[in-house]
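Visitor: Could you take me on a close look at one part of this model? I am new to protein structures, so please go step by step.

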Amino acid sequence: MNSVLPRILVVDDLFGRELPGVANRERENLCGKFLLAEEPRTDSDDTPPFEISDPLARVVFCRGQLPTISGVGATVENDLPGTIETIRKGWTGAVQKGDMPWSLLLLDLCFYTGRVTEESNRRTRCMPEGRPSDDNPNAYFGLTLLDAIHREFPELPIFVLSSKPREAVSLEFSRRGALGFIDRGHSRGPELLRDALWQHGLVADSSGEIVGFSIPVLLALREARRAARHRENLLIRGERGTGKEVLAGYIHRVGSDEIWAKQDDNAGAKRYSPFVTVNSAVLTPNLFASELFGIQPRTATGVDGKVGLIEIAKGGDLFLDEIADTPPEVQAALLRVLQERKIIRVGAREPLDVDVRFISATNSDVEEAVKGFRLDLLDRLRLGGTIWLPPLRDRRTDIPILTRRFVVEAENARRGILTREITAEAMEKLIANEWSGNIRELRACLFDAVNRHPDVEHLVPEHLRLATDLTRKAGTSPSQSEIKPGYLERARGGDSLPALLAIQAGVHFDPRNIAQWSGRLEDLRRGQTWLLARYLQAALDATKRRTPLHPDGLIQIHPAVKLITGDSSMTASKAADIIKRILGPLNDELQGDLREALDIAVRLRPRTPKNSSTAI
Amino acid sequence: MTRFDQADWQNRRSEFNHQWLKNRLLSALDSAANVIKGRIRGAKYLDAIFSKEIAEWPERRRDLLTLLTDFETEMSPRRLFDTSPFSEWEPDIREVLSELLHQLWLIRYPIRRWISDALAAAEAVDKGYVELVNSDPVERNGAFDAQFAARFDVFREACRSLARNIETLPNQILVI
């Protein structure tokens with residue numbers, strides 16, 4: 001099965017139930033209606049009853065209840081923890097393995113519980129009678145699930161899929177984080193699902209130009225697809241070598257409907273529009289006017305005309321890379337074009353209308369005054385939005401798939417080079433590297449490795465020449481951690497926790513190379529302790545109580561600990577114990593809020609309880 | 001105001017419209033449409049839809065007709081008088097007032113039009129069913145016979161229209 005296909009999870013009591021010895025007809029028909037290819041299950045030999053020539057997505061079903069198989073006499077109950085665990089496996093678990101996470105979750109609202117009787121089984125096989133509370137729109141289990149899922153997986157896009165009336169629940173599902181509602185019985189249901197995937201789903205690039213299944217990349221692709229639907233100018237931001245031009249190409253492609261038109265019943269001729277890349281070398285004070293606006297032909301003087309790049313891009317997109325380096329004269333000219341939507345060729349008198357979307361890119365903080373970039377131009381360049389591309393260190397789980405791609409490319413670029421396997425140790429070294437030059441640097445490193453070792457069947461760590469080494473020097477303070485605020489924090493002020501967990505999952509201590517890691521227990525422990533301290537600091541900031549007398553806020557340790565543990569029933573004394581365990585080892589080094597939090601905790605709980613442990 | 005036990009008619013309506021018509025039949029028909037359009041390959045699957053979901057229509061039709069016939073009786077506000085304290089009133093008074101309330105309800109809401117629209121929609125489904133099952137789903141070179149495809153679409157739309165008509169019926173007893 002195509003592994004780039006989107007992957008949908010459907011949580012529904014009717015479609016998710018398993019039937020002993022027979023197929024779930026309702027599930028089959030749902031798949032046939034929405035053109036969803038069910039993923040083969042390891043515990044089943046069932047073959048699908050049909051073949052879909054062009055599936056919209058892969059699909060996995062979850063009942064959301066226990067038991068999954070319920071014959072007459074069984075009692076069916078809703079299963080919140082089990083459902084969350086299923087989602088977690090396909091979300092965090094998939095990311096850690098470098099697989100595609102859930103692109104979209106389709107969630108039913110009403111889950112019927114209770115006993116499976118002869119009568120209820122006759123009506124719908126293996127379904128229970130239902131209880132009156134099941135059908136109460138204020139208490140649908142689907143809304144409870146929605147709450148829990150959105151809290152733990154805020155980036156996971158969720159749509160409600162139900163045949164219940166939308167009006168009764170639209171406010172509630174909107175409040176709880178669902179992005180939309182698809183009526184199961186709607187005649188245009190498949191089109192609505194396709195649209196939902198396109199607009200809101202975490203969908204990889206099916207063309208394979210942008211490689212990766214990590215959540216930061218899928219989020220960037222989603223922003224790109226949303227932006228592609230309108231013709232407003234866009235700004236792409238990201239460090240050097242992150243693929244800004246490739247993303248601009250993606251925006252252009254999806255905006256031209258090349259990818260989605262083929263799914264349309266009424267697909268007409270594909271609409272092609274130009275995509276012009278402006279080489280930043282031509283944006284000099286002497287050259288820019290003729291290159292961008294063109295030259296008016298004048299037969300009287302024998303001047304040959306030239307069509308400018310903006311005119312060539314008419315009806316399409318013009319990509320301007322490294323916009324921050326543009327000289328002031330060019331900025332002024334561009335600003336006029338963006339304001340008036342007209343150009344005047346060099347030597348012409350009459351302006352020409354232009355319908356061009358400008359997609360710009362930069363790796364700089366253009367807002368900084370020292371850069372001298374006109375903010376009024378910047379505002380027009382990002383009128384349609386800003387898309388952030390993550391650095392490679394924020395998407396380490398994509399390194400294996402990128403590596404395999406680049407190694408094959410390098411092998412194919414020259415004749416006579418052997419095909420090689422990449423050893424696990426080499427891959428670990430690649431994953432652990434900092435990659436300040438991002439994807440471009442990774443590609444260069446792998447091409448270098450392949451070209452210097454054309455006659456081997458294995459790529460080993462010794463073949464790799466890396467610019468940086470991630471090994472920490474002994475004694476470096478963990479508070480100057482290398483996990484610097486990256487793309488996720490800068491762009492959204494949110495957390496980099498998924499990336500951090502992915503990094504941790506990828507760390508490997510090689511028993512054959514003990515020199516690299518022996519004697520570092522104290523460093524590792526301090527690193528973990530400071531990480532927890534920073535986690536706690538964020539919670540203290542988030543839960544500060546601000547009053548007129550204390551505008552900077554008073555810290556509150558009880559709400560802060562509830563926040564980091566997710567335990568709303570936590571008592572104040574237990575919260576104090578947790579603070580002491582986290583911060584106690586750092587007692588002599590604390591300042592500010594953390595110092596104050598520890599002091600409060602010690603005042604509340606002067607003695608450590610007898611049954612406490614050092615672990616949280 | 002005393003709450004009525006309208007659960008029985010609602011349960012029957014839910015079973016027909018929600019659980020069978022929308023969740024089973026229409027879902028199967030939408031999937032079958034993809035077979036007919038060539039998006040799905042599976043001749044046996046299409047046969048199964050005809051022999052299972054579509055074949056249930058004649059029996060389900062009987063349930064539906066009973067459901068629609070029972071609506072005016074089971075969902076009329078005259079049932080209020082079967083519950084306390086109204087059930088303790090004098091029989092003569094109860095009879096007059098309940099009939100008055102029932103007639104006001106019929107005037108206030110287009111109950112009988114709703115029912116006749118639903119019956120007409122059921123008849124359209126029935127007609128479409130007969131024509132469809134008498135068609136020959138001949139497939140040549142991956143394409144189905146045009147007449148069969150057209151009759152299928154008519155039947156599917158009739159079913160969708162029926163679902164909409166049944167949804168129009170109120171989901172609680174309306175008291176003036």
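Predicted model: local features only at pLDDT ≥ 70, side-chain atom pairs only at ≥ 80, totals over all residues.

Visitor: How many residues of chain B are in contact with chain A, and how many residues of chain A do they touch?

Guide: In the model, 23 residues of chain B are in contact with 25 residues of chain A. Between them the two chains bury about 2,200 Å², and 42% of that lies on carbon and sulfur atoms. Three residues of chain B deserve a look here: Arg39(B), Arg41(B) and Tyr45(B) supply 29% of the area that chain B buries against chain A, more than any other three residues.

Now look at how the chains pair up across the interface. The rule finds 4 salt bridges between chain B and chain A. You can pick out a salt bridge between Arg25(A) and Glu53(B), where the closest N and O atoms are 2.7 Å apart. On the side of chain B that touches chain A, at least two residues each come from helix H1 (7–36), strand S1 (40–41) and helix H2 (43–51) of chain B. H1(B) gives the most to that side, with 11 residues.

Let's stay with helix H1 of chain B for a moment, as Leu26(B) has its place there. Leu26(B) counts as buried because its relative accessibility is 2%, and the cut-off for buried is under 20%. Which residues surround Leu26(B)? Leaving aside neighbours within four places in sequence, Leu26(B) is in contact with Leu21(B), Arg156(B), Cys159(B), Arg160(B) and Ala163(B). Take Arg156(B) from that list: Leu26(B) and Arg156(B) are 130 residues apart in sequence, yet 7.2 Å apart in space from C-alpha to C-alpha.

Next, move along chain B to the loop between helix H3 (57–74) and helix H4 (91–108), where you will find Trp89(B). Trp89(B) is partly exposed, with a relative accessible area of 36%. Together with Ile93(B), Val96(B), Leu97(B), Leu100(B) and Leu104(B), Trp89(B) makes a nonpolar surface patch of about 520 Å². The loop between H3 and H4 of chain B also holds Pro85(B). The peptide bond from Ser84(B) to Pro85(B) is cis, with omega near 0°.

To finish, let's cross over to the partner chain. Chain A has 616 residues, and 48% of them count as buried. Its secondary structure comes to 22 helices and 21 strands. Among contacts in chain A between residues at least 6 apart in sequence, 68% join residues at least 24 apart. Chain A has a cis peptide bond as well, joining Leu66(A) and Pro67(A) with omega of about -5°. Pro67(A) sits in the loop between strand S5 (65–66) and strand S6 (75–78) of chain A.

Two other residues of chain A are worth a look for their backbone angles. Trp435(A), in the loop between helix H15 (424–432) and helix H16 (438–452), has a positive phi of about 55° although it is not a glycine. Trp435(A) counts as buried at 1% relative accessibility. Asn438(A), found in helix H16 of chain A, has a positive phi of about 60° and is not a glycine either. Asn438(A) is buried too, with a relative accessible area of 0%.

How values were computed
Residues numbered from 1 in each chain as written. Chains lettered and ligands numbered in written order. Heavy atoms only, no water. Patch = residues over 30% accessible without salt bridge, like charges linked within 9 Å, V, L, I, M, F, W, Y side chains within 5 Å. Areas by Shrake-Rupley, 256 points an atom, 1.4 Å probe, with all protein chains shown as cover. Salt bridge = Lys/Arg side-chain N within 4 Å of Asp/Glu carboxyl O. Helix = DSSP H or I, 4+ residues; strand = E, 2+ residues; numbered from the N terminus. Buried < 20%, exposed > 50% of the residue type's maximum accessible area, 1.4 Å probe, protein only. Contact = heavy atoms within 4.5 Å. Buried area = accessible area lost by both parts, 1.4 Å probe.
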